[in-house]
Every structure is written in structure tokens, then in C-alpha cells.
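I am opening my notebook on a structure that is new to me. My entries follow in the order in which I looked things up.

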Amino acid sequence: MNMKKLATAIAATITLALASPTAFAAWTLNMTPGITAISQRIYGLHMLMYWWCVAIAVFVFGWMIYSLVAFRKSQGAVPDTKLVHNTRAEIIWTVLPVLILIGMAVPATRTLIETDDASKTELTIRVTGYQWKWGYQYVESGVEVLSTLDRDSNAARQLGSGIDPGTVPNYLLSVDHPLVVPAGVKVRLLLTAQDVIHAWWVPALAIKKDAIPGFVNTAWFKIDTDKTGLYRGQCAELCGRDHGFMPIVVDVRSKADFEAWLKTQQAIQRPAEPATPAAMAGVDAAAAKTG
Ligand SMILES: [Cu+2]
């Protein structure tokens with residue numbers, strides 16, 4: 001294929017992709033800015049570093065290509081065989097990258113420290129990974145939710161179901177009971193697992209944390225008050241046969257809506273009464289007898 005044909009083919013491909021809205025929509029190559037201040041800061045860092053890399057690449061490759069073309073042998077260029085090193089050039093190409101790296105490391109470290117600061121949270125949710133579903137326990141109120149793949153996706157995914165997955169909305173990305181959380185509240189997640197290692201990943205929250213049996217990992221988020229709605233994620237640690245069928249859905253509601261939901265759930269679930277001292281004494285006596 002000659003250069004002209006190749007250029008035409010590339011131009012045609014780009015035009016087609018841009019002209020078709022579906023192809024363009026599928027081109028979500030970049031990460032999401034997300035719905036929390038931290039996720040937006042991480043996105044900003046990512047873009048900052050991306051543009052630094054672009055600038056460095058343009059400079060380095062630009063200079064290299066210019067040198068190759070301008071000083072080619074056919075134009076009478078003669079190599080300088082006497083030059084072994086140039087102290088000034090070496091200082092510049094050492095100091096400049098060090099300054100660039102420091103300029104990237106300082107804001108990145110600052111953000112990293114903040115993502116780790118799960119203090120002063122107002123709500124704690126224990127997230128437990130199971131083969132193959134998620135359990136959410138609102139620690140303060142005792143409300144528990146089990147979140148499994150939605151019925152339509154589950155029916156369509158069965159071998160020989162005859163259902164076209166294209167007809168199922170949010171195929172493999174919907175659940176029966178989403179994780180309901182309030183916006184504008186600092187929420188702490190305590191992540192663990194019951195059987196094998198899972199990972200709780202929700203891009204919009206910029207959270208991807210391992211859920212490990214016997215360990216408790218911590219994460220936190222505070223969602224912008226204007227970002228109510230549904231956000232989707234998935235298990236991000238290969239955890240067995242149905243790893244691909246344990247999605248995550250976060251249902252972000254206003255604080256008032258969330259509290260109303262929590263109250264309803266509390267009424268439905270009626271958490272067990274705490275053990276009375278008399279009952280505990282009976283247990284102690286039984287333990288003493290057998291012990
Ligand atoms: Cu999993």
C-alpha cells in the first residue's frame with residue numbers, strides 16, 4: 001500500500017468513527033473524573049502527568065527527528081569524533097527530569113495521604129465479598145444488604161438461555177439490591193471477605209480495594225451533593241467461576257432520602273435485641289459445666 005492510499009484509509013477510519021455517535025460513545029478511553037473531590041483530584045493528577053508526558057515526547061522526538069533530517073550524510077554532515085562529553089548538557093539532562101519528577105511526586109503524595117485518612121467519618125459500612133456476591137452491613141444501625149446479580153442478567157447468561165444479552169439493560173452490571181449511600185457524608189468502608197480474595201472496585205469513587213479473608217481494609221468517600229444517581233463497578237480480583245457475575249451498584253441518594261431508606265430497612269429487618277445479663281449468665285453457667 002502506498003503512502004497516499006494509507007493516508008486515505010486512516011482519514012476514512014477516523015471520519016467514520018467520529019461520524020458514528022455509537023462508535024464515539026464507546027471511545028471512553030480515559031478514566032472518569034468521578035463523583036468525589038478525591039476522585040476529581042486523582043483525575044487532575046492523571047491529566048497533569050499525561051500532558052507532561054506529551055510535552056516531553058514532542059520535545060524529545062521533535063528534536064530527534066529534526067536532527068536526523070537536518071544532519072543527514074547526504075547533506076554533507078560530518079560526525080564530530082572528538083566530542084566525548086559536555087558537562088553543561090549532562091547537568092541539564094539530569095536536573096531537568098529530577099525537577100519534573102519532584103513536581104509530579106509532591107501533589108501525588110499529598111493526594112495519596114488524603115485517600116488514606118479515614119478519620120472523622122459519619123457512617124461506617126462493612127463490605128464483605130462472597131463467592132459470588134457482596135454483603136453490605138451498616139455498622140451503626142445493623143442494617144444488612146446482600147447484593148447479587150440481577151435476575152435478567154442471570155437468566156440471559158445461562159448456557160442455551162436463548163436470550164440475547166444485547167436486549168438486557170446493563171447486562172452483567174445490575175444487582176438486585178444496590179449499596180445505598182448518602183451524598184455529602186463522609187462514609188467509611190471496612191472491606192473483608194468470607195472465602196477468597198475479592199476486590200471492590202467503583203471507578204466513579206476512585207476506589208479499588210482488596211477484600212481479603214481475615215483482614216480489614218479501609219477506604220472512604222464523600223460524594224458531591226449534586227451527584228445522586230446510580231454508579232457501577234465490579235469485582236476486580238479473579239475470585240473463581242462466577243467472578244464476572246458479581247457486579248457492584250452504588251445508589252447515591254440525598255441525605256434525607258438515605259435516612260428515610262435506612263429507617264425503612266431497620267423496621268423491616270428488626271435487628272435482634274442485645275443479649276440480656278440474665279441470658280448471658282445462663283451461657284456462662286453452661287460454659288462452666290462443660291469446661
Ligand atoms: Cu469476587
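This is a predicted model: local features need pLDDT of at least 70, side-chain atom pairs count only at pLDDT 80 or more; totals for chains, interfaces and linings use all residues.

How are H3 and H4 oriented to each other, roughly parallel or roughly antiparallel? Residues are numbered from 1 along each chain as its sequence is written.

I looked up helix H3 (residues 37–70) and helix H4 (residues 87–115), and found that they pack at an angle of about 165°, with their axes 11 Å apart; helices here are DSSP runs of H or I with at least four residues, and strands are runs of E with at least two. H3 and H4 are therefore roughly antiparallel to each other, a term for angles over 145 degrees, on a scale that runs from 0 to 180 degrees between N-to-C directions. Among the residues making the contact are Trp 52 of H3 and Pro 107 of H4, where contact means C-beta atoms, placed from the backbone, within 7 Å. I sorted the residues of this contact into nine nonpolar, two polar and two charged.

Next I turned to Val 216, which sits in the loop between strand S7 (207–211) and strand S8 (217–222). Val 216 counts as exposed because it has 12 C-beta neighbours inside 10 Å, the limit for exposed being 12 or fewer and for buried 20 or more. Leaving out residues up to four places away in sequence, I found Val 216 touching Leu 190, Leu 191 and Thr 192.

Definitions and conventions. Angles under 35 degrees count as roughly parallel, over 145 as roughly antiparallel, 65 to 115 as roughly perpendicular and the rest as oblique. Two residues are in contact if their C-beta atoms, placed from the backbone, lie within 7 Å. Ala, Val, Leu, Ile, Met, Phe, Trp, Tyr, Cys and Pro count as nonpolar, Asp, Glu, Lys and Arg as charged, and the others, Gly among them, as polar.
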